[in-house]
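Here's a quick briefing for anyone opening this structure for the first time.

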Amino acid sequence: MKGAGCMDFERMRDLMVERQIIARGIKDERVISAFRNVPRHKFVPRYHQNDSYDDCPLPIGSGQTISQPYMVALMTECLNLDAADKVMEIGTGSGYQAAILAGLCTAVYTVERKEDLLRMAKNIFRELDIANIFTKLGDGTLGWEDNAPYQKIIVTAAAGMVPQPLIEQLGEGGILVMPVGGVFSQELTRIRKKKGQITYELICGCSFVPLIGKYGYKDD
Ligand code: SAM
């Protein structure tokens, strides 16, 4: 099959936004506009580019995935982002979620444990001229203490509980969004920190790859 051209990708992206994101109830105009602006096809392997706007996760190599567009939108909306927020992401993967966040806040600090994925994501950030994403190779269950506290934290891999260092690095009044549950299925969970107290809110069922590290699952 012939590869899609730029205009085709733009059209596929518009359809994705209308049918998968707005039709399912995402309302935040800033989030919707970020999805119109970020070229998702750049973040998937070449042989999956024609599927990049489909309603599903896709493999990105190293046994990992780029999440379904709607799930990226829902997690982003759940963060209630303010333009002044400093956000930490655990699980850079393809870099797509970080690129969406970068247009909605002041800085994104993203941590990935797989070197090859991080290298590819950094190349795309450079190609797209995104200057407010800062990356770190390492175990994201430890967070990234140097830049803490963060107003918002997003974890794009699943664990049985929220790693304690992430709760500690979340600022007062902050929000953390993460899939929490078993290995095969979890609940997308929103955590708020108010006056030092933590509250948990279940958003919906989901299925993410495991968060592997000191405060997550053991190494694969
Ligand atoms: N946000 C990504 C995107 O937009 O493509 C999707 C991430 S994928 C579902 C989950 C990622 O979490 C994988 O790249 C995986 O290597 C990473 N991961 C798992 N455990 C981690 C850890 N302890 N620290 C950092 N990254 C981790």
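Predicted model: local features only at pLDDT ≥ 70, side-chain atom pairs only at ≥ 80, totals over all residues.

Residues are numbered from 1 along each chain as its sequence is written, and side-chain values use heavy atoms, with hydrogens and water left out.

**Around the ligand**

- The ligand is surrounded by 27 residues (a residue is near if one of its heavy atoms lies within 4 Å), and G91, S94, E112, G140 and I212 are the closest.
- Sorted by type, that shell has ten nonpolar, twelve polar and five charged residues; here Ala, Val, Leu, Ile, Met, Phe, Trp, Tyr, Cys and Pro count as nonpolar, Asp, Glu, Lys and Arg as charged, and the others, Gly among them, as polar.
- β2 (64–66), β3 (86–90), α4 (96–102) and β4 (107–112) each supply at least two shell residues, and β2 gives the most, with three. Helices (H or I, at least four residues) and strands (E, at least two) are DSSP runs, numbered from the N terminus.

**Ligand atoms up close**

- An oxygen atom of the ligand is 3.0 Å from a polar backbone atom of Q97.
- On its own the ligand has 610 Å² of accessible area, and the protein covers 99% of that (Shrake-Rupley method, 1.4 Å probe).

**Salt bridges**

- The whole structure has seven salt bridges, meaning a side-chain nitrogen of Lys or Arg within 4 Å of a carboxyl oxygen of Asp or Glu.
- R36 pairs with E18 in a salt bridge, with the closest N and O atoms 3.2 Å apart.
- That pair links distant parts of the chain, with R36 in helix α2 (residues 29–37) and E18 in helix α1 (residues 6–22), 18 residues apart.

**Backbone details**

- Most residues other than glycine have a negative phi, and most peptide bonds are trans.
- The peptide bond from A148 to P149 is cis, with omega near 5°; P149 lies in the loop between β5 (133–137) and β6 (150–155).
- D129 has a positive phi, near 65°, and is found in the loop between α5 (115–127) and β5.

Definitions and conventions. Polar contact = N/O pair within 3.5 Å; in protein donor to acceptor, adjacent residues only side chain to side chain.
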